[in-house]
Amino acid sequence: MSVLSAAGRPATVVATDEFLGHPKGVYVCFFTEMWERFSFYGMKALLLLYLLQHHRFGDRAGLDVLGAYGGLVYCVPVIGGLIADRYLGMRKAVIFGGLLLVAGHAGMAFEGQAATIVNGVLVRDENALRIFYLSLSLIIMGVGFLKPNVSTIVGQLYEENDPRRDSGFSLFVAGINLGALFASIVCGYLGQTLGWRYGFGAAGIGMLLGLAQFVWGRRYLRGIGEPPAPLTRRREWSLYAAAIVGLLPVAWLMHAVTSIELGADVVRWTYGIVVMALAGILWSMWHSWRRDDAAPAPLRAHAPSMAAFALLGLAVIWLSARYGVLDFFIEESTLALILMSVVFLVFGFWYVGFVTRGCSRIEAQRMGAMMVLIFAALVFYTLYEQTYGSWVTFTDRLLTKDVAPSLVQAQPALQWTSDWVHNVSLFLASAPWSTYTLVLGPVSFVVAASVSDRNPASSLPRLLFGTTVAAMLVALLRDAVVLPQTAGSLTYLGALFIVLLAPLFAVIWAWLDRRGLDPSKPTKSALGLLFGGLSFLPLVWAAQHAGATSAMASVWWLVLAYLLLEIGEMCLYPVGLSAVTQLSVPRVVSLMMGTWFLATAFSETLAALFGKLAAIDVPEGETMNIVDAAAKYADLFTFLMWLGVGCAVVAMLASPLLRRMMHGVK
């Protein structure tokens, strides 16, 4: 048996609690998150194309929905993390979130009638759209309860200075991207070949399996994630009921982003408030560097510095108005961005008060360093989320699709009948091989963990697990080169590179650490921004080629872009998650993990806003002008390339100061 430490975690771990060098609970979270990301990215790979092709939204409206959905799905975790910290505990929050996700993906399988033009008027299936918006709200709320808490559990499975922490988060990120990889191959392919409902339905089944995986594996979580205080059944159910009631305004908001036009004054004031809130956060970092815990200065002593940072914020607002940045936000902002800005404002007030009055000097400096890393993640994911926006439409319109055209096998048309047994058999025979090997991974872990519990010295678990991973990769390779690819299914490239790079980076970081050469977390984040910016360079060349030749550019430009982008993500994302769990004050760690996702929420919405710079609306009956479209995409990708590279330079220059603010945290 394990002995509990004062923190409620085992101080000593029995041998059977480890598997392949990490706690078994990490693998439970790995596969739970794999299934959740399978369902999430399976739906996301299809979402924009579904809106453009099935419901016939324009580029701008489709990107508005995509941005609002992506923003809210990462904004709500701030609330989900807080509720888990204060009341539910992480384990119950994960289970409740999983149930909401299952219901949401089931609703997405109802696609309704495709939009048509009747007497020159666009007619859509309004009932199907209502179900669509409600389903999105279920997914948004479900992710809000599940995602921040399962990530926090991973961090708490390691002791504070355990050198395996970064590699453990790298393993966890590999689970995320393994789910995304299967999602694109399975859901992306099924949705655009068999029908949208098959892709969305497969995503829902995946989430159901993920929920079962977590419930089964909770015994490996070492008691982590229970409610912080005894929770009455009445209070617990009241929290669930409040979340369910909250589905209606979220569904309304998803509809409102394309139907409500914001006034210029609303956007102008919101922009100003956000900039001033950022100025306040910067002031709190400066204050944490200058403060003296032994002799705290009175509030009036800080008036000059507060005024200086306020003037800095006003200068940014003036420059934004002078050079057209503010006009761009006025023209393209959505209601979702405004509401998220309100959430950010509330967080900004809380953060400044917390670090100046509720933290010691060292705690405040660590929190400040963490906030800089979170901002770096915001910039990176503004670049990254183009993969589900402008990259998808660019691929659909201006790139070839098959990475190895000579190996692609034409797929026969399916003949559905009224016999459901025949239809199921036909589906199973035509589904990608990845559909079946996807189930093998979690099943092999269940068997391997059970064998390891009984006989820790057995070599069978390693053999079984390794064989299963090999089979999964073979099936993925077959589906990637044999099946005809689409713009949606090609999103698998990002996850593929992450799965391949994660073990390599885990070895590299460990090798460098043993020699005292491991880059600091701020340096790794700067490298991530650099590679994120450079990933747009191949797409600039591809757009220029398409414009010059009026022909489709090679899909291999996209392959190279994804490789650079995912090298950047492997530098930034795992160490960022790890930093949140290490640098946060323990009593607010779930809330700060939610803040990480709040930054990602802004990046989703900003990505959609920037994507509209290359929006192309082709009038009914006309064809797209390739030269004009290529020029638009080239301009967008060039701008985003310089955004990433410029921020990388600033982050690299700031990294020595950030290392000092971390006070020894590695």
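Student: Which residues form a nonpolar patch on the surface?

Tutor: Heads-up: this is a predicted model, where local features need pLDDT of at least 70, side-chain atom pairs count only at pLDDT 80 or more, and totals for chains, interfaces and linings use all residues. Numbering runs from 1 along each chain as its sequence is written, and side-chain values use heavy atoms, leaving out hydrogens and water. Patch members have over 30% relative accessible area and no salt bridge, with nonpolar side chains joined within 5 Å. With about 380 Å² of accessible area together (Shrake-Rupley, 1.4 Å probe), the patch here consists of Ile-205, Leu-209, Val-439, Val-443 and Val-447.

Student: Which helix gives the most to that nonpolar patch?

Tutor: Two elements give it two or more residues: α7 (196–216) and α17 (434–454). Helices are DSSP runs of H or I, at least four residues long. With three residues, the top contributor is α17.

Student: Is Ile-205 buried or exposed?

Tutor: Ile-205 sits in α7. Its relative accessible area is 54%. Buried means under 20% and exposed over 50%, with partly exposed in between, so Ile-205 is exposed.

Student: How do α21 and α24 run, roughly parallel or roughly antiparallel?

Tutor: α21 (537–549) and α24 (626–661) pack with axes 8 Å apart, at about 165°. Under 35 degrees counts as roughly parallel and over 145 as roughly antiparallel. That makes the pair roughly antiparallel.

Student: And α2 with α13, roughly parallel or roughly antiparallel?

Tutor: The axes of α2 (59–75) and α13 (335–357) come within 10 Å and cross at roughly 20°. So α2 and α13 are roughly parallel.

Technical notes:
Patch = residues over 30% accessible without salt bridge, like charges linked within 9 Å, V, L, I, M, F, W, Y side chains within 5 Å. Salt bridge = Lys/Arg side-chain N within 4 Å of Asp/Glu carboxyl O. Buried < 20%, exposed > 50% of the residue type's maximum accessible area, 1.4 Å probe, protein only. Axes fitted to C-alpha atoms, helices over the stretch in contact; angles between N-to-C directions. Parallel < 35°, antiparallel > 145°, perpendicular 65-115°, else oblique.
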